[in-house]
Amino acid sequence: MIIDFHTHCFPDSLAPRAMHNLQQGSPYPPRTDGTAGDLARSMKQAGIDVSVLQHIATNAKQTRHVNDFAIATNAQKEFVSFGSVHPDCDYIDEELQRLCAAGIKGIKLHPDFQNFYADDRAVYPLYEKIAAYGFILLFHCGYNLTPHPCKCPPDRFARVARDFAGAKIVGAHLGGQGMWDEVFAHVCGKDVYLDTSYGFGWLTNEQLHRFCSEHNPDKILFGTDSPWADQKSDVDMMRRRITDPVLRKKIMEENAATLLQLTEN
C-alpha cells in the first residue's frame with residue numbers, strides 16, 4: 001500500500017476556477033485538472049492506494065463549504081480528507097464537533113493563506129481545541145509563491161510543536177519548503193511528523209542523507225502536493241532515492257497508516 005499524505009482537489013463545479021486562480025504566478029503547471037476524479041486517475045497511474053486530501057478554508061465564510069466537501073470526499077475509499085477551519089470563523093466549536101462526528105481525522109491550516117503567524121499566541125486556543133478532539137493538525141510550512149512574508153517558517157513551526165508536545169502535528173514540506181538550513185537547525189530531529197511534499201525532491205544527496213539520518217524514521221510521511229507535482233514521478237523518485245527498503249516502506253506506507261489508524265482490507 002502507498003499513501004500520499006498531501007494532495008488537493010476541488011468540487012467539480014469549482015475546479016476550473018480554482019485551478020486558474022492558483023496557477024497565477026506559479027512556475028509549476030498542474031498535473032491534474034483539480035477534480036477528485038482526475039486525482040483518482042493519477043493515483044492509479046502511480047500505484048497509490050490512498051490520498052490524503054488537504055483542504056483549506058482561505059476565509060471564514062468558506063469554512064462550512066470546504067468541510068462539506070471534505071466530508072463528502074472522505075466517504076470515497078481511496079481518500080482520507082482533512083477538514084479546515086479559518087481562525088476568524090465564528091462557529092469553530094460547532095464545526096470541529098461536526099467534523100469529528102463525521103469521522104474526519106485531521107485539520108489543515110495554511111498560515112500564509114489564512115493570514116496568521118503560526119506561533120501567535122492568539123491562535124493557540126484554536127490549536128488547543130483541535131488537539132482536544134484528537135485531530136491530526138497539519139501546517140503548511142516554509143515558502144509559498146504568495147503571499148509574503150512566510151508566516152510558518154521552521155523556527156515558528158518548531159515553537160508550536162514544542163508548545164503542543166504530545167499533539168499529533170505534521171509539518172508539510174519537511175517543515176519548511178525552501179528553507180532547508182532552517183529545517184535542519186530548528187525542526188529536524190524534533191518529535192514531530194514531517195511530510196515530503198516538495199521536499200525530498202529538492203534536497204541534494206547530502207541533505208537527503210542527513211535528513212534521513214537525523215529525523216525519526218517513524219515520523220516521515222510521503223506526500224506529493226498533487227496537482228502541483230506528478231504523483232507517479234514522485235513515487236519513482238522515492239524508489240530511486242530511498243534505497244533502504246525498510247525505510248522506504250515506513251515513509252510510503254507504515255507511518256501514515258499508523259498515524260491515520262488505517263488497516264488494509
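What is the volume of the largest pocket? In this predicted model, the largest pocket has a volume of about 1200 Å³. Its lining comprises 36 residues. Phe10, Leu22, Ile56, Phe113 and Trp228 lie nearest the pocket centre. Helix H1 (15-23) and helix H3 (63-74) are the elements that give two or more residues to this lining. The largest share, 4 residues, comes from H1. By class, the pocket lining divides into 16 nonpolar, 17 polar and 3 charged residues.

The whole structure holds 1 cavity of 30 Å³ or more. About 50 Å³ of space lies in the largest cavity. Tyr127, Ile130, Ala131, Phe135, Leu137, Phe164, Ala167, Lys168 and Ile169 line the largest cavity. Helix H6 (residues 124-132) gives the largest share of this lining, 3 residues. The cavity lining has 8 nonpolar residues, no polar residues and 1 charged residue.

In soluble globular proteins, nonpolar side chains tend to be buried together. Here, the largest nonpolar core has 58 residues. Leu109, Tyr127, Phe139 and Phe200 have the most contacts inside this core. Tyr127 also belongs to the lining of the largest cavity. Neighbours within four places in sequence aside, Phe139 is in contact with Leu109, Pro111, Ala118, Tyr127, Cys152, Phe157, Val160, Ile169, Val170, Gly171 and Ala172. A second, separate core has 16 residues, among them Leu138, Val170, Leu221 and Leu260.

Definitions and conventions: Residues are numbered from 1 along each chain as its sequence is written. This is a predicted model: local features need pLDDT of at least 70, side-chain atom pairs count only at pLDDT 80 or more; totals for chains, interfaces and linings use all residues. Side-chain values use heavy atoms; hydrogens and water are left out. A nonpolar core is a set of buried Ala, Val, Leu, Ile, Met, Phe, Trp, Tyr and Cys residues joined through side-chain atoms within 4.5 Å. Buried means under 20% relative accessible area, exposed over 50%, partly exposed in between (1.4 Å probe, protein chains only). Contact means heavy atoms within 4.5 Å. On a 1 Å grid over the protein atoms alone, a cavity is a set of points where a 1.4 Å probe fits but cannot get out, and a pocket is an open set with protein on both sides within 12 Å along at least five of seven lines; lining residues have an atom within 4 Å of a point. Grid points are joined across faces, edges and corners, and a volume is the space filled by probe spheres set on the points. Ala, Val, Leu, Ile, Met, Phe, Trp, Tyr, Cys and Pro count as nonpolar, Asp, Glu, Lys and Arg as charged, and the others, Gly among them, as polar.
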